[in-house]
Amino acid sequence: MLVRVIPRLDIKGPNLVKGVMLEGLRVLGKPEAFARRYYEAGADELLFVDVVASLYGRNSLSDIVARTARDVFIPLTVAGGIRSLEDIHTALRAGADKVAINTAAHQRPDLIREASRKYGASTVVVSIEAIKQSDGRYEAYTDNGRERTGRDAIAWAEQMAEAGAGELLVTSIDREGTGRGYDLELLTKIIDRVGIPVVASGGAGTAEHVVDAINITGAAAVASVLHYDLLPTLRNDPAAFDPSINLAHLQRPGFARIAPAPLGDIKRLLDLHGHTSRPTPEALHV
Amino acid sequence: MSEPLAIVDYGIGNLFSVANACARVGCDTRITSDPAELLRAPGVILPGVGAMPDAMQVLRDTGLADALREVAARGTPLLGICLGLQLLMREGTEFEPHAGLGLIDGDVVRLAGVDPLGRPLRVPHLGWNGVHAATAWEPTDLATVPDGSAMYFVHSFHVRPADSSVVLAETRYGDQTFCSAIASGSIVACQFHPERSGALGLGILRQFAIRAGVGAVIQESAA
């Protein structure tokens with residue numbers, strides 16, 4: 001079994017965005033262009049997250065996924081705004097292979113059981129957004145950490161695995177966008193309690209952080225580290241990059257924490273730590 | 001203009017990624033739940049994810065089960081993917097024992113075993129894993145795939161063919177070695193997803209299209 005590095009693309013409207021801690025969302029460019037580059041670089045899967053879907057009660061990702069699915073032949077997961085079996089059907093029709101559900105699972109946990117029975121556990125990912133509380137416990141949140149649920153994130157993970165989830169996407173909201181590394185304690189607590197695969201998300205600032213997470217879960221979503229590596233090379237490509245996009249935030253001190261790295265470098269570092277992943281195309285010579 | 005390849009639609013599974021991947025290798029497909037279209041097609045792809053008993057129920061109720069048996073009896077190229085491999089078997093065991101299409105003798109059982117540290121294997125088996133030749137891949141649909149290549153898997157059950165000579169490929173997960181592809185007559189089927197396994201997976205679909213007589217030779221960019 002090989003480990004997985006999964007580029008995470010947060011989407012708002014037609015744009016790839018990245019949450020910057022305490023500063024809100026920044027537009028980075030066209031998600032289709034980033035998705036294609038990551039596929040060509042040997043990504044193991046892609047994760048698309050509609051970051052405002054819960055807020056506005058809609059899912060605008062379908063068109064982006066449909067366009068991506070024509071050129072990208074690795075698994076695509078869609079998260080954000082999936083509320084019903086019909087929404088799952090729509091996402092699959094657009095070309096998604098898996099859907100990740102958070103808010104709707106909290107509102108009606110039986111949705112996970114029904115979706116798993118109808119579309120197969122392998123299609124149903126439960127997205128868990130956790131924030132560490134001052135007493136050391138982890139609480140599950142929805143809407144990118146805007147709404148608390150009152151549920152213990154670890155117990156919720158167990159409950160969702162029993163309900164038939166095929167995989168858990170575990171995002172540390174208080175680490176997300178900070179570059180301080182994944183919440184390894186959260187990941188360890190959850191992986192020890194469930195028998196299904198877990199994908200780590202939130203906090204990667206360096207390739208070493210990805211290794212730390214993969215030591216625990218075997219699979220990690222990565223955003224800033226990859227996006228900020230790709231951005232300079234996409235700047236001259238009008239199909240990928242809107243020159244009006246303001247990237248001044250990259251010069252601020254907080255960004256010193258993010259060390260951009262291409263997928264190939266992350267995979268080589270994983271290899272040095274004994275974690276084999278799918279070979280990148282340059283390694284395959286295809 | 002030849003008939004397109006048929007992708008069997010029985011109401012579940014992501015058929016669109018299969019159709020997109022076929023389009024990339026230059027062949028037309030039609031997503032269909034009409035048994036007559038299966039019988040007209042030069043080749044039939046049976047994809048699928050989900051629960052085997054529910055899928056068998058739909059295939060029986062719609063007449064697609066009989067059409068698929070007829071496709072196999074005529075020697076029309078048939079490609080099963082994931083659940084589409086499991087459905088070909090004589091018997092499934094999900095929830096309770098039940099009949100499959102019976103085109104391949106053997107059963108379908110839940111993955112169970114331990115990892116190198118003795119912990120129970122995580123199920124579903126989800127991600128990229130090596131596919132190793134059990135018999136020669138030349139001249140099957142896997143002919144262009146290097147032995148040991150990583151392909152994308154996502155499944156909780158695996159097939160156990162009664163006749164080991166149909167086993168085309170094997171894959172190791174923890175302490176388990178399971179059959180990850182079969183070939184028998186005009187049938188090739190894989191537990192992994194060629195449509196989600198990058199350029200090497202697309203190569204399998206291209207070979208299948210060529211076998212069905214509808215393949216176009218198009219170079220795929222690396223990935």
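A nonpolar core is a set of buried Ala, Val, Leu, Ile, Met, Phe, Trp, Tyr and Cys residues joined through C-beta atoms within 7 Å, where buried means that 20 or more other C-beta atoms lie within 10 Å of a residue's own, and exposed that 12 or fewer do, with partly exposed in between and C-beta atoms placed from the backbone. The model on your screen is predicted, so local features need pLDDT of at least 70 and side-chain atom pairs count only at pLDDT 80 or more, while totals for chains, interfaces and linings use all residues. Residues are numbered from 1 along each chain as its sequence is written, and chains are lettered from A and ligands numbered from 1 in the order in which they are written.

Select A:Leu46, A:Phe48, A:Leu168, A:Val170 and A:Ala220, the residues with the most contacts inside the largest nonpolar core, which has 174 residues. Helix α6 (residues 198-211) of chain B gives the most to this core, with 7 residues; helices (H or I, at least four residues) and strands (E, at least two) are DSSP runs, numbered from the N terminus.

Next, select helix α4 of chain B, residues 64-74, and colour its buried residues, B:Leu64, B:Ala65, B:Ala67, B:Leu68, B:Val71 and B:Ala72. They lie on the same side of α4(B) because they cover an arc of only 165 degrees around the axis, taken from the directions from the helix axis to the C-beta atoms. On the other side, B:Ala73 and B:Arg74 are exposed, and just after α4(B) you will find B:Gly75 with a positive phi of about 80 degrees.

Finally, show both chains: 32 residues of chain B are in contact with 32 residues of chain A, contact meaning C-beta atoms, placed from the backbone, within 7 Å. Helix α1(B) gives the most to the side of chain B that touches chain A, with 5 residues.

Note on methods
Contact = placed C-beta atoms within 7 Å.
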